[in-house]
Structure formats: structure tokens, C-alpha cells
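I opened the notebook today to go through one structure piece by piece and to write down what I looked up. The entries follow the order in which I took up each topic.

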Amino acid sequence: MKIKKEINLFAGMFTAEEIYRYGDIILLLGHILYLALFRWLGVYQMVYYNYFSVAFYALMYALLHYDKIGKTQFTYLVLVEIIVHACMGAYYIGWIAGFTQIMLCIIPIPFYITPNRKTVPYLLSSLDIVIFIIMRLAMADRVVPYSFPTHKVNIVYIYNTVCSFVIIIYVSSIYIFTNEHNKRDAKAQNEKLQRLATIDPLTQLFNRRAMMDFIKMIESNSRRTGSSYSLCLGDIDDFKQVNDTYGHDVGDKVLRSVSDVIAKNVPSEGYVCRWGGEEILFIVPNIDTEKCESIAKNICQKIHECTFEENSKTFRISMTFGVYSVTPEENYDEGISKVDKLLYKGKKQGKNCVVSK
């Protein structure tokens, strides 16, 4: 059985590591532009600090690339650098230049990097707000070291606004990625659980529980449309002898091979399951006994043509099948009982055969 997997476009485009590395590149480029901006303004304290920032983000990229730093540690260091840079910019150029608005944009970040620690995001965000308020109060009546014409201050303000916008977009992208990644993980987990609940782990066929649901569904459709459906129950001949002679590992190999042959030769509209032990049951809707018998004979022949080798010994196996076509008037349990009796009849007749009504 093949389970279709829906892959989200966004979540499939980037890994978590790439998201963080791209964020580091954005910050690196942003500080290179800050460096050029402060050199143009002649604010050399900020120039020197941005030399450090450029080197810092180049180092962070290398550490991320070679997995020398965790994503949480990386984010904490980045948040510290952003806050220090914003405070220094406001201190030297003034509140109206818009540096501190960046501090407001980074408030959500701790909630994405520490989802399992309920208090840490609130503490980090609260610290950011406290620093923001302290800076606002401290800058209220203070004369800044550097004073510029309005048009230059506006350029700085616009650049800081653009940086704030980029941060918001990036944080939103992290949210989208995290959300979609969690959805994909949940979907994969649900598919795994569904597979465990419906698939036999050895043969990869449906298990008996799942098959009962399919049988009931086909029975309902049969009564609605007035068409018959066919059941075929097969049992590997002398399977105990195979296990006793060659071991259970070889027996499992035989069972997997038989299941594969049957699954490949049952029509696509049919269902195949491991009914129990070495018994395989398949059901095909809208076909009569003659057609189902033809399918079973073809499978019986292909199984007998299979060869197995163990300890330089080659052996073949055979399989006996019972086939019964269930009418709309009959219950599925009657059909299962009758196909089981037909299988038993085939065993008494000499095995390696198909017996039908």
C-alpha cells in the first residue's frame, strides 16, 4: 500500500538550518550598510562597533555552517547585538533616528526559539521592553553627541524603518516555517500511526482489522448496486515444514515474497491482507467467480515458479486457494466461511490448486 504524502512548498524549500543561515546573511549585509552609513555621517564610534558587528556575523555564519553553535545560542547572541546596536545608535544620534524601534520588532523572536520553556520568552521580551523604556526616559532631555540636518536624520530613520520591516518579515517567515514544519511532522506521525494500525509489518499488506473495514464497505456497495464481489483465501502449503527445515527467518522471507506476488497480481480495485499466519485474503469488487478463479490460478502458478535458496539448498513452495463469489443477498461473514471451506477442500484434494464454488 502506498500512502500519499503532501509536502508543503514553503517547508520543503528550506531546512531549519538554512533559515538561520539566511537570517545571519541578512544581518551581515545590514551591518555592512550601517557601516557605510555611519562612515558617511562621521559617527566613528558606530563605525568601529559595526566593524565588530560585521566580523561577528561572519563568525556566526561559519559556526552555523559547521554546526559549532546551536540555533538557540546563536539567536540569544544576535538579540544582544541588536539591542546594543540600537542603544548605541540612539545614544549618539538621538531617539528620533528610529534605532530603538528595532527593539520592538525583535520581541516575538524568543517565543519561536524557546517554545518548550514557558518563562524564558517572557523574561527576554520583558528585558527588551525595560531597556527600551529606560532608553526613552534617559533620552528625553539629553543633547546627543552628533546633530545632523533633518534630511540626514530622515535617511537614518528610513533605513532603520526598512530594517525593522525586514525583521518583521523574517520573524513572520520563521512562524510560517515553524507552523508548516509542525503540521508536516504531525501529518507524518499520523500517517505512521495509521500505517501501524492498518498494515501488517512483515508483509506490508493490510492487516485483518483494516480488511474487515474494506469488506464491509464493498458489501455495502454490492447491496446498493446489486453486483457481486469475490473473495479469495490462500494458504501456503506445508509452511510449518519450511520453518522447521530452514528457520523462521527463511519462512518470513517466503511469506514476504508470496505477499508481493499476490499484491502485484490482484487488480488495482481489489484489496489484499494478511488474514492470519500464512493465510492471505484478497477481495475484488464487481467480478464473478470465473474471473476471480482466473486471477487466483495465475497467482498460484507464479508462486510455484518462485525459487528460494538457503545453505546451498534450493526449494519451491506452493499455495492453495479457495474462491467464492458473494451475492448482494449474502452477508460477508457467510462468504468468508464458505471461502474458508473451499480452501480446506483444496488442501484435502492435494494442495497447489484453486477451488471454487
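Is N311 buried or exposed? I found N311 exposed, at 65% relative accessibility, and I note at the outset that I am reading a predicted model.

**Entry: a loop with positive phi**

I placed N311 in the loop between β4 (307-310) and β5, and its phi is positive, about 55°, although N311 is not a glycine. S312 is found in the loop between β4 and β5 as well, and there I noted a positive phi of about 65° for another residue that is not a glycine. S312 counts as exposed because its relative accessible area, 71%, is over the 50% that I use as the limit.

**Entry: aromatic pairs**

I then searched the whole structure for ring pairs, and the search gave 18 aromatic pairs. One of them joins Y246 and F315, which are stacked at 4.2 Å centre to centre with 15° between the planes. Y246 lies in helix α10 (residues 239-246) and F315 in strand β5 (residues 313-316), so this pair ties together parts that are 69 residues apart in sequence. For the two partners I wrote down that Y246 is partly exposed, with a relative accessible area of 22%, whereas F315 is buried at 8%. F315 also forms a stacked pair with F308, for which I read 5.5 Å centre to centre and 25° between the planes; F308 counts as buried, at 5% relative accessibility. Elsewhere in my list, ring pairs link Y34, F38, F99 and Y159 into a cluster.

**Entry: salt bridges**

How many salt bridges does the structure hold? I have nine salt bridges in my record, and I looked at several of them one at a time. R274 forms a salt bridge with D200, with 3.3 Å between the closest N and O atoms. This pair links distant parts of the chain, since R274 is in strand β2 (residues 271-276) and D200 in the loop between α8 and α9, 74 residues apart. D200 itself I listed as buried, at 11% relative accessibility.

Turning to K347, I found a salt bridge with D235 in which the closest N and O atoms are 2.7 Å apart. Here K347 lies in helix α13 (residues 332-348) and D235 in strand β1 (residues 229-236), so the pair ties together parts that are 112 residues apart in sequence. K347 is partly exposed, with a relative accessible area of 21%, while D235 is buried at 11%. I also noted that D235, D237 and K347 are linked in a network of salt bridges.

K351 forms a salt bridge with D238, and the closest N and O atoms are 2.7 Å apart. The pair again links distant parts of the chain, with K351 in the loop between α13 and β7 (354-356) and D238 in the loop between β1 and α10, 113 residues apart. I have both partners down as partly exposed, K351 at 31% and D238 at 39%.

**Entry: cysteines**

Looking for disulfides, I came to a count of zero. C163 is in no disulfide, and its nearest cysteine sulfur, that of C105, is 9.9 Å away. C232 is in no disulfide either, with the sulfur of C292 as its nearest cysteine sulfur at 5.0 Å. I recorded C163 as buried, with a relative accessible area of 14%, and C232 as buried at 0%.

**Entry: a nonpolar patch on the surface**

Which residues form a nonpolar patch on the surface? I listed I26, Y157, I158, V162, F165, V166 and I169, with about 630 Å² of accessible area together. Helix α8 (residues 150-198) gives the largest share of the patch, six residues. V166, which has its place in helix α8, is partly exposed at 32% relative accessibility.

S222 is found in helix α9 (residues 208-225) and is buried, with a relative accessible area of 3%; leaving out residues up to four places away in sequence, S222 touches S227, S228, Y229, T327 and P328. L64 has its place in helix α3 (residues 44-65) and is buried at 7%. From C-alpha to C-alpha, L64 and H248 are 49 Å apart in space, and they are 184 residues apart in sequence.

Technical notes. Residues numbered from 1 in each chain as written. Predicted model: local features only at pLDDT ≥ 70, side-chain atom pairs only at ≥ 80, totals over all residues. Heavy atoms only, no water. Patch = residues over 30% accessible without salt bridge, like charges linked within 9 Å, V, L, I, M, F, W, Y side chains within 5 Å. Areas by Shrake-Rupley, 256 points an atom, 1.4 Å probe, with all protein chains shown as cover. Salt bridge = Lys/Arg side-chain N within 4 Å of Asp/Glu carboxyl O. Helix = DSSP H or I, 4+ residues; strand = E, 2+ residues; numbered from the N terminus. Buried < 20%, exposed > 50% of the residue type's maximum accessible area, 1.4 Å probe, protein only. Disulfide = S-S within 2.5 Å. Contact = heavy atoms within 4.5 Å. Phe/Tyr/Trp six-rings, centres within 6.5 Å; stacked < 30°, edge-to-face > 60°.
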